[in-house]
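Good morning, everyone, and thank you for making the time.

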Amino acid sequence: RRMRLIDVTDEIGCVVEPLWLGRAEGVHRQLRTALPPDYAGRLAQVFANGGRLAVAAEGEAVLGVALWRLTENTYEGRRLYVDDLVTDAAQRSRGVGKALLNELVSRCRSQGLQQMLAVIGDSGNAASIGVHAACGFELVGVMKSVGRKFDRWVDVVIMQRALAVQP
């Protein structure tokens with residue numbers, strides 16, 4: 001079987017693959033353990049506020065989940081912000097996270113975006129930092145004890161990838 005990427009939401013945040021949204025839940029909860037019991041309801045709120053979701057799948061199994069949003073403001077223009085990038089624990093080191101992240105890079109380029117930002121919710125997460133670095137992201141900062149993960153405060157790593165030459 002071959003890994004494929006499936007958009008769970010469309011470009012305006014409507015769920016177009018509800019079956020895959022349900023399948024994504026178990027993998028997503030490996031990272032976001034505090035998500036409420038109504039996963040679909042909570043994600044509907046996230047989608048209504050700009051979030052988008054895609055999964056990496058093999059057969060009917062979800063291997064990884066990417067949750068992101070496009071933002072725009074007057075001083076930076078448009079950029080993509082990665083909320084969550086999680087690979088199923090049993091599938092790590094198989095290129096799933098890299099495939100999802102490279103797909104997001106490709107989408108950003110095709111839309112003419114200038115920047116991508118990733119916030120990694122634990123400075124000790126060498127695997128996530130490594131995947132982002134392998135996809136061209138650079139470390140731009142660390143915020144001390146601002147992230148909450150697995151019932152503890154963690155340092156948050158900010159990584160950035162420039163996609164186009166700034167005018």
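**A serine to start with**

Ser145 is partly exposed, its relative accessible area being 45%, where the terms I use are buried for under 20% relative accessible area, exposed for over 50%, and partly exposed for what lies in between, with a 1.4 Å probe and protein chains only. Before I go further, please keep in mind that this is a predicted model, in which local features need pLDDT of at least 70 and side-chain atom pairs count only at pLDDT 80 or more, whereas totals for chains, interfaces and linings use all residues. Residues are numbered from 1 along each chain as its sequence is written, and side-chain values use heavy atoms, with hydrogens and water left out.

Ser145 lies in strand S6; helices here are DSSP runs of H or I with at least four residues, strands are runs of E with at least two, and both are numbered from the N terminus. Although Ser145 is not a glycine, it has a positive phi of about 50°. Most residues other than glycine have a negative phi. Setting aside neighbours within four places in sequence, Ser145 is in contact with Trp153, Val154 and Asp155, contact meaning heavy atoms within 4.5 Å.

Ser93 sits in the loop between S4 and helix H3 (96-110), and with 82% relative accessibility it counts as exposed.

**Helix H1 and its partner**

Let me turn to the helices. Two packed helices are described by the angle between their axes and the distance between the axes. Helix H1, residues 18-31, packs against helix H2, residues 39-48, at an angle of about 90°, and their axes are 10 Å apart. That makes H1 roughly perpendicular to H2, a label that covers angles of 65 to 115 degrees, while under 35 degrees is roughly parallel, over 145 roughly antiparallel and the rest oblique.

Which residues in H1 and H2 meet? On the H1 side they are Leu21, Ala24, Glu25, His28 and Arg29, and on the H2 side Tyr39, Ala40, Leu43 and Phe47. The residues of this contact divide into six nonpolar, one polar and two charged.

H1 has 14 residues and reaches 20 Å from its first C-alpha to its last, close to the 20 Å expected at 1.5 Å a residue, the expected span being 1.5 Å times one less than the number of residues.

The buried residues of H1 are Trp20, Leu21, Ala24, Val27, His28 and Leu31, and what covers them includes H2 together with strands S1 (4-7), S2 (51-58), S3 (61-73), S4 (77-87) and S6 (138-149). One of these buried residues, His28, has a relative accessible area of 1%. Not counting residues up to four places away in sequence, His28 touches Leu35, Tyr39, Leu43, Val65, Leu67, Asp84 and Val86.

**Three further positions**

Is Gly64 buried or exposed? Gly64, which is in strand S3, counts as buried at 0% relative accessibility. Beyond four places in sequence, its contacts include Val27 and Ala54, as well as Val86 and Leu100.

Leu101, in helix H3, is likewise buried, with a relative accessible area of 0%. Leaving aside neighbours within four places in sequence, Leu101 is in contact with Val82, Leu85, Met116, Val131, His132, Cys135 and Phe137. The C-alpha atoms of Leu101 and Ala134, 33 residues apart along the chain, are separated by 9.9 Å.

Finally, Glu138 brings us back to strand S6, and this residue is exposed, with a relative accessible area of 57%. Glu138 touches Ile158, Met159 and Gln160, not counting residues up to four places away in sequence. Its C-alpha atom and that of Cys14, which lie 124 residues apart along the chain, are separated by 32 Å.

Terms used
Axes fitted to C-alpha atoms, helices over the stretch in contact; angles between N-to-C directions. Nonpolar A, V, L, I, M, F, W, Y, C, P; charged D, E, K, R; others polar.
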